[in-house]
Amino acid sequence: MKKVYPIETKYGIWNARIWYDKIDKAYLVEVPSFNNAATFGKSLAEAKCMAQDLIELLCTVAFDKGRVVIDDTRHV
């Protein structure tokens, strides 16, 4: 079952869907605000950390392209 966790980054708070996949034996992560960008971790804590890294990387790329990024709490 996919659960939504708020991921706090230096660029704001983002919602990530995280669930355990028995086949891969890992926690899979989707970030809907970034076209369902995905990552994973061996534990829930690692999956959340990987989600934070992914979101910060995608924000940095957006800033380099001159784009404005709005988090899931509607802050710029």
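Is alanine 45 buried or exposed, and what is its relative accessible area? Alanine 45 is exposed, at a relative accessible area of 57%; exposed denotes over 50%, buried under 20%, and partly exposed the range in between, with a 1.4 Å probe and protein chains only. The legends below describe a predicted model, in which local features need pLDDT of at least 70, side-chain atom pairs count only at pLDDT 80 or more, and totals for chains, interfaces and linings use all residues. Residues are numbered from 1 along each chain as its sequence is written, and side-chain values use heavy atoms, with hydrogens and water left out.

**View 1. Salt bridges of glutamate 30.** The structure contains two salt bridges, a salt bridge being a side-chain nitrogen of Lys or Arg within 4 Å of a carboxyl oxygen of Asp or Glu. In one of them, glutamate 30 pairs with lysine 2, and the closest N and O atoms lie 3.7 Å apart. This pair links distant parts of the chain, 28 residues apart: glutamate 30 belongs to strand S3 (residues 26-31), and lysine 2 to the segment before strand S1 (3-9). Helices (H or I, at least four residues) and strands (E, at least two) are DSSP runs numbered from the N terminus. Glutamate 30 also forms a salt bridge with arginine 17, at 2.9 Å from N to O. Because arginine 17 lies in strand S2 (residues 12-21) and glutamate 30 in strand S3, this pair ties together parts that are 13 residues apart in sequence. Shared partners join Lys2, Arg17 and Glu30 into one salt-bridge network. Glutamate 30 counts as buried at 17% relative accessibility, whereas lysine 2 at 43% and arginine 17 at 26% count as partly exposed.

**View 2. Aspartate 21 in strand S2.** Aspartate 21 is located in strand S2. This residue is buried yet has no salt bridge, and the nearest side chain of opposite charge, that of lysine 2, is 9.3 Å away; Lys and Arg count as positive and Asp and Glu as negative, while His and the chain ends are not counted. The aspartate 21 side chain does reach the backbone nitrogen of isoleucine 23, at 3.2 Å. When neighbours within four places in sequence are left aside, aspartate 21 is in contact (heavy atoms within 4.5 Å) with Ala26 and Leu28.

View 3. Helix H1 (residues 44-64) has 21 residues and reaches 30 Å from its first C-alpha to its last, close to the 30 Å expected at 1.5 Å a residue; the expected span is 1.5 Å times one less than the number of residues. The buried residues of H1 include Leu54, Ile55 and Glu56, and what covers the buried residues includes S1, S2, S3 and strand S4 (37-41). Alanine 45 is also found in H1, and its C-alpha atom is separated by 9.3 Å from that of tyrosine 27, 18 residues apart along the chain. Glycine 66 follows H1 and has a positive phi, near 80 degrees.

View 4. A search of the whole structure finds zero disulfides, a disulfide being a pair of cysteine sulfur atoms within 2.5 Å. Cysteine 49 is in no disulfide, and the nearest cysteine sulfur, in cysteine 59, is 15 Å away. That separation is too far for a bond. Cysteine 49 is partly exposed, with a relative accessible area of 39%, whereas cysteine 59 is buried, with 0%.

Methods:
Polar contact = N/O pair within 3.5 Å; in protein donor to acceptor, adjacent residues only side chain to side chain.
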